[in-house]
Amino acid sequence: QQITCQTSSLAGLTGVERVQLRLQQLPLLRAILFSDFETDYKEEVTDVLVIGGGISGLTLSICLHRIGIRVLVVDKVVRMSDAGSGMSVIGHSLSILKTLGIDLHSTIGLQQNDVSLRRYDGKVLFQVPLFSDSDLVRNFGSVQYNVHRGELQQQLMNLYTSEGGRLITGRRFVRLHQSNGLVTAEFEDNSMITAKLLVGADGAHSAVRRCLFGDTSLRYSGSSCWRGMLQVSPSRLSCASKTNGLGESVSAASNRAMYKTIVHPAGKSASFTCGWTTQNRCFWVLDIKHPQRTPIPQDELLPFLLNETKGCFAEICSIISSTPPTAIIHTDVFDCKNIPQRKGNVVLIGDAGHAVVHHFGQGACLAIEDAVCLAASIEQNTRQQANDVYDVEMHRHLASCAVTASLDRFDSWGRWMRTRALVLISRSCGAMYLSNTIMSNAILTFCLAWPFYYIFVVLMRFLLFICGKPLRSLAEQFRPTQTVRTASSGHQQPNMR
């Protein structure tokens, strides 16, 4: 219509004016005739392409962006929202996040001073040692903080984009193919992005992992979980359950303590976890042995959950019944089989590479550690290239040989053994906590009694605080500096669509 209106006035124009009008119409004609072609076949190029804008993907991208690597994050959701519930940040991740610029102690985290494993009636069976690492205790007051997962993800995203990091949202990854040292990712909108390294950081149900190893790499744990979060005064919940049948104080809400029930009456295949984060928000998880892909109707949900926790101390029932059914999230629980973490120039980090059930509280922590470990490997191998070659936009050159060497260094035996140990320990703990037979309850109670619980303490300290400790110092090279901020803001702008 615009062209027609402009053409109708040609009769009153001189020859020169007619030529000028035709030239003005060319971009409009091109847009009309070829817009579909450009949309369908649009291709972008970057050095590192990260699929997934969660905790692992954003942590990795922040690190790479600060050392001058050209990185692009793509996520399937249109708007990054405060998804998820509460979670724990334990051990090395506390130090790493502070180094990157997120101090949980002074921002979104709640320090934990009382974490325990309990019986269904509230009796404490095991007190988690929260002062096992003197460095963390000196810097943070404890080895564990609770946060809202969505708030941590938002902090990471704000940090990344404020420094000029590129983030594209609303683009769903569907497939990839590798050729001549390059990886091309294809998306649902028919767009393509080619990179020297593709990182799958898209969670437990990873589309990248599915492209590499098929649909059989996930293992259903045999249980489902129901999660909730409510904002409530601790005193309101603590008055619901002050003592158990033995007259012992069992209130955890009074001091915002975190606990997990692991021994229940025989026949009750359930385990309840409760914790607190900032702004008096209580988050909870109820794990139940349950058939896969079997949701409970919303009008039957609260009676179902309360029946599964029948006989537990009153605080648990009060927490569940105070949560609106519409705010309760049902998720089937999976972990990952033992699969390679890389194939060609594609690597998996976080839950995409080693999904872990939540009974040991290490999923997000391992994701953060993976990100720093991979970034450190890339930094070292690009630094060893001749004189740190940069392009005109101050991006560090990433050669194909550096990609291969970085993945070799990242995919080490030591990292694999620790990660695999945590996956298997979490799986075994979940199986024991949910079995609730007379025999399994007796074994759990015996193992957590003095002096045998020292075995558990030593194992936790070794896996969570000793192994992987060099990551804290490795993260120092990704600390924000004025130089990094200036270079980033001068050459790259946030690209959020």
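Author: Happy to. H14 and H16 cross in a left-handed way (left-handed if the near helix is turned anticlockwise from the far one by less than a right angle, right-handed if clockwise). Before going on: this is a predicted model, where local features need pLDDT of at least 70, side-chain atom pairs count only at pLDDT 80 or more, and totals for chains, interfaces and linings use all residues. Residues are numbered from 1 along each chain as its sequence is written, and side-chain values use heavy atoms, with hydrogens and water left out.

Reader: At what angle do H14 and H16 pack, and how far apart are their axes?

Author: Two packed helices are described by the angle between their axes and the distance between the axes. Here helix H14 (residues 413–435) and helix H16 (residues 453–466) pack at about 135 degrees, and their axes are 10 Å apart. Axes are lines fitted to C-alpha atoms, for helices over the stretch in contact, and angles run from 0 to 180 degrees between N-to-C directions. H14 and H16 are therefore oblique to each other (under 35 degrees is roughly parallel, over 145 roughly antiparallel, 65 to 115 roughly perpendicular, the rest oblique).

Reader: Which residues in H14 and H16 meet?

Author: From H14 come Arg418, Ala421, Leu422 and Ile425, and they meet Leu459, Leu463 and Leu464 in H16. Contact means heavy atoms within 4.5 Å.

Reader: What about the loops around these helices?

Author: Pro451 sits in the loop between helix H15 (438–447) and H16. A cis peptide bond joins Trp450 to Pro451, with omega at about 5 degrees. In the loop between H14 and H15 you'll find Asn436, which has a positive phi of about 50 degrees although it is not a glycine.

Reader: Is Asn436 buried or exposed?

Author: Asn436 is buried, at 0% relative accessible area (buried is under 20%, exposed over 50%, partly exposed in between, using a 1.4 Å probe and protein chains only). Now look at Asn180, which also has a positive phi, near 55 degrees, without being a glycine. Asn180 is exposed, with a relative accessible area of 75%, and it lies in the loop between strand E9 (173–179) and strand E10 (182–187). Gly181 is in the loop between E9 and E10 too, and it counts as partly exposed at 31%. Leaving aside neighbours within four places in sequence, Gly181 is in contact with Lys196, Asn345 and Ser400.

Reader: How many helices and strands does the protein chain come to?

Author: The protein chain has 18 helices and 18 strands. Helices (H or I, at least four residues) and strands (E, at least two) are DSSP runs, numbered from the N terminus.

Reader: In what order do the strands of the seven-stranded open sheet run?

Author: The order is E6-E5-E13-E14-E15-E12-E16, with mixed pairing; two strands pair if DSSP finds at least two bridges between them. E6 and strand E16 (329–336) are the edges, each pairing on one side only. From one strand to the next, the twist averages 25 degrees. Seven bridges join strand E12 (residues 218–231) to E16 in an antiparallel run, and Tyr220 has Phe334 in E16 as its bridge partner.

Reader: What joins E5 to E6?

Author: Three bridges join strand E5 (residues 115–119) to strand E6 (residues 124–127), and the two run antiparallel. Ser116 is paired with Gln127 in E6. Four residues lie between the strands of this hairpin, where Gly122 takes a positive phi near 100 degrees. H14 comes back here as well: it lies across E5, E12, strand E13 (258–263), E14, E15 and E16, at about 130 degrees to E16.

Reader: Which residues touch the most other members of the largest nonpolar core?

Author: In soluble globular proteins, nonpolar side chains tend to be buried together. A nonpolar core is a set of buried Ala, Val, Leu, Ile, Met, Phe, Trp, Tyr and Cys residues joined through side-chain atoms within 4.5 Å. The largest one here has 80 residues, and Val48, Leu60, Leu64, Leu104, Leu152, Val199 and Leu374 touch the most other members. Helix H12 (residues 363–383) gives this core its largest share, 11 residues. A second, separate core of 25 residues includes Phe187, Phe334, Leu348 and Ala355. Across the whole protein chain, buried residues make up 53% of the 497 residues.
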